[in-house]
Amino acid sequence: MKITHTPSVIGAHITEVDLARVTDAEFAHIESTFNERSVICIRQQNISEQQLIAFARRFGSVEPHFLKHYTHPSHAEILYISNIKENGKDIGHADAGSVWHTDMSYTDKPPRATLLYALEVPMDTVSGKALGDTRFSSAAAAYDSLPADMKQRIANLRAIHQVAGRRAKTGTGQQDQALRLSQPAVVHPVARTHPFTGRKCLYVSKGECEGIEGMAQDEALALIDELADRTVEERFRYTHHWQVRDLLMWDNCALQHLASFDYKWPQHRRLMHRVTVGGSATI
Ligand code: SIN
């Protein structure tokens, strides 16, 4: 197995391993690289739905996704991320990740990790380049970069996360509004401690954070925006250029991510299988 770090502060590419039959020693390396680099791409995998779920389960629990109408018919743990339409309807979540966010921060135990397995990747027929890059930014490096007085200011603050929150008013995330509204708001530390590395990570996003406990709304939204902007500064980023059969996996405490929508149905098809690995209560 070969592990190559990207030039960024996050990210690693892993090759020469078969996830259908990964050994315990290989898994230990993959897991430690994941904790250290926050986003890893394991290339050229040929795995079934069961093998994808089984690999994810080595990192923690895997549950069915609540957006039931976009899940795999035989494997409710797999959410389709796709722009493909059948009979005029989206087969999957078509605008997932259209704002910077961390997955399911609106749950009380947000997922440790998200796995995205690329089955169809849109290509620009002129340049031959892949479309639909996914961008990542390090919330741990962003925290480290804060001045001491800001670290002190946010040390004991808790932000309110709601999936149907501010994002619902900005045009995305509206299609599933009824389901989203069924998820009650939760609170998490603004500076969250990583459950595996112990590093502090900024844990606020403009899309889902509606306020900060005990703080006036104007002041809270200004602070959320300032910290969210800091989290996604260019210097903390890695951009993933997809290849078919990539298994990409990211850490939902240590970073935020953003999808790009430079491809269009029906010229381009994008199909990914997404699985989330359960996490723990935030501290
Ligand atoms: C997501 O945000 O879960 C999806 C990211 C992507 O499709 O690139």
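**View 1. The largest pocket holds about 290 Å³ of space.** This view, like the others here, comes from a predicted model. In total, 16 residues line the largest pocket, and those closest to its centre are Glu 63, Met 104, Lys 109, Thr 276 and Gly 278. Sorted by class, the lining of this pocket is made up of 7 nonpolar, 7 polar and 2 charged residues.

View 2. The structure holds 4 cavities of 30 Å³ or more, and here we look into the second largest cavity, whose space is taken by the ligand. Its lining includes Ile 81, Ala 96, Gly 97, Leu 116, Trp 250 and Ala 259, together with His 101, Asp 103, Thr 134, His 257, Arg 270 and Arg 274. By class, the lining of the second largest cavity counts 5 nonpolar, 4 polar and 3 charged residues.

**View 3. The ligand sits among residues that include His 101, Thr 134 and Arg 270.** Take your time with the side chains here, starting with Thr 134: an N or O atom of its side chain is 2.6 Å from an oxygen atom of the ligand. Arg 270 places a polar side-chain atom 2.8 Å from a ligand oxygen atom, and for His 101 a polar side-chain atom lies 3.4 Å from an oxygen atom of the ligand. On its own the ligand has 260 Å² of accessible area, and the protein covers 99% of that. Asp 103, His 257 and Arg 274 are also among the residues around the ligand. The shell as a whole has 5 nonpolar, 4 polar and 3 charged residues.

**View 4. A cis peptide bond joins Trp 265 and Pro 266.** Most peptide bonds are trans, so this one deserves a second look. Omega for the bond between Trp 265 and Pro 266 is about 5°. To find the spot, follow the chain out of β16 (255–259) and towards β17 (271–277): Pro 266 is in the loop between these two strands.

**View 5. Ser 38 has a positive phi.** The value is near 75°, in a residue other than glycine. Most residues other than glycine have a negative phi, which is the reason for giving this residue its own close-up. You will find Ser 38 in the loop between α1 (24–37) and β3 (39–42).

Note on methods. Residues are numbered from 1 along each chain as its sequence is written. This is a predicted model: local features need pLDDT of at least 70, side-chain atom pairs count only at pLDDT 80 or more; totals for chains, interfaces and linings use all residues. Side-chain values use heavy atoms; hydrogens and water are left out. A residue is near a molecule or strand if one of its heavy atoms lies within 4 Å of it. A polar contact is a pair of N or O atoms within 3.5 Å; within protein, one must be able to donate a hydrogen and the other to accept it, and residues adjacent in sequence count only if both atoms are side-chain atoms. Accessible areas come from the Shrake-Rupley method with a 1.4 Å probe; for residues, only the protein chains shown count as cover. On a 1 Å grid over the protein atoms alone, a cavity is a set of points where a 1.4 Å probe fits but cannot get out, and a pocket is an open set with protein on both sides within 12 Å along at least five of seven lines; lining residues have an atom within 4 Å of a point. A molecule sits in a cavity or pocket if more than half of its atoms lie within 2 Å of its grid points. Ala, Val, Leu, Ile, Met, Phe, Trp, Tyr, Cys and Pro count as nonpolar, Asp, Glu, Lys and Arg as charged, and the others, Gly among them, as polar. Grid points are joined across faces, edges and corners, and a volume is the space filled by probe spheres set on the points. Helices (H or I, at least four residues) and strands (E, at least two) are DSSP runs, numbered from the N terminus.
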